[in-house]
Amino acid sequence: MNIARGGYRVFSANSSAACTELAQKITERLGVELGKSVVYQESNSETRVDVKESVRGQDIFIIQTIPRDVNTAVMELLVMAYALKTSCAKNIIGVIPYFPYSKQCKMRKRGSIVCKLLASMLAKAGLTHIITMDLHQKEIQGFFNFPVDNLRASPFLIQYIQEEIPNYRNAVIVAKSPSAAKRAQSYAERLRLGLAVIHGEAHHSESDMADGRHSPPLSRAITGHTGLELPSSSRQVPFPGIELPMMMAKEKPPISVVGDVGGRIAIIVDDIIDDVEDFVAAAEILKERGAYKIYVMATHGLLSAEAPRLIEESAIDEVVVTNTVPHEVQKLQCPKIKTVDVSMILAEAIRRIHNGESMAYLFRNIAMDD
């Protein structure tokens, strides 16, 4: 019988065996067994969850890693949370190392803020707390009406730099775009290293994308006779006497590197590595500027599509990511990909939350820009 100490259970919501590896490591560190449950897809692709043991009055932690099939993983988490809620669990805490849809946290034209929608769905399903790691934007925490602990992977990545990169004192921390400069600066200050920033037309910050402020589109003045007469309801006529100033279009300068990387090891840091074209282009620029070795470090290694092949063929020497997202297949395709285990901090967060202990210890020496 699976009796976890102190009255809590740890479950995995993944139907894929490859995605339960992190959950196994966490439970091993906690000294408990993984909760007995079955998560599977029926023949019509509906998600079904069967909890095989009593959870009444218990603190329940659901570990959900996000594979490539994001929507299935989200439904597994929602269905399991609701199943535990209807089984009278006391508290349901989601352990979601990589929070899906975190890039869709801003309004884009006539789109929607999907991350906010997902937060509402998780609350409705029964979650009372979330443990996650390196949210794409820290403001996402405001989407939830329950506590969110946003852990940091930077201590583990910094330790990797110090222990696994030879002569790291001759390195420079690189931001692949100005929007990533704060994160890079935090790494550089803690490692006592220099900082470089890549800026130019080959890189586009999320803040430069069109958002809701440009919707609906501006009306274009019609000059001359077109032969067509617009109906009166379709004409956009400004108020008399009002003349708005003309918006100047953005024009990025030619790509450049701000900072000295000649004869140095370049370490590019970011939170997510998904499509790697920007990282490959950054590595080529850094090589041209004289960097003799190039590392890419990030918390979440999504590595979608042709990422392993592009990394293998690029000037990048090594890509270091944590195990918040399963990527064993990608590692087989590209030996340059290395993994840092973060199960230790996730297990400690679970222990502290269940015991009602302060989480401040897990955030010691952590800067706001991490």
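Okay, let's start with helix α5, residues 181-191, where Ala-181, Arg-183, Ala-184, Ser-186, Tyr-187, Ala-188 and Leu-191 are buried. Buried here is under 20% relative accessible area, with a 1.4 Å probe and protein chains only. Helices are DSSP runs of H or I with at least four residues, strands are E runs of at least two, and both are numbered from the N terminus.

Before going on, this is a predicted model, where local features need pLDDT of at least 70 and side-chain atom pairs 80 or more, while totals for chains, interfaces and linings use all residues. Numbering runs from 1 along each chain as its sequence is written, and side-chain values use heavy atoms, leaving out hydrogens and water.

So what do the buried residues of α5 pack against? They pack against α4 (154-164), β8 (171-175), β9 (194-199) and β11 (265-273), with contact meaning heavy atoms within 4.5 Å. Just after α5, Arg-192 has a positive phi of about 60 degrees.

Next stop, Gln-330, which sits in helix α8, residues 328-333. Is Gln-330 buried or exposed? Its relative accessibility is 4%, so Gln-330 counts as buried. Leaving aside neighbours within four places in sequence, Gln-330 touches Arg-68, Leu-302, Leu-303, Pro-308 and Ile-337. A polar atom of the Gln-330 side chain is 3.5 Å from the backbone oxygen of Leu-302.

Last one: α1 passes α9 in a right-handed crossing, meaning the near helix is turned clockwise from the far one by less than a right angle. From α1, the contact uses Leu-22, Lys-25, Ile-26, Arg-29 and Leu-30. From α9, we have Ser-343, Met-344, Leu-346, Ala-347, Ile-350 and Arg-351.

Conventions. Buried < 20%, exposed > 50% of the residue type's maximum accessible area, 1.4 Å probe, protein only. Polar contact = N/O pair within 3.5 Å; in protein donor to acceptor, adjacent residues only side chain to side chain.
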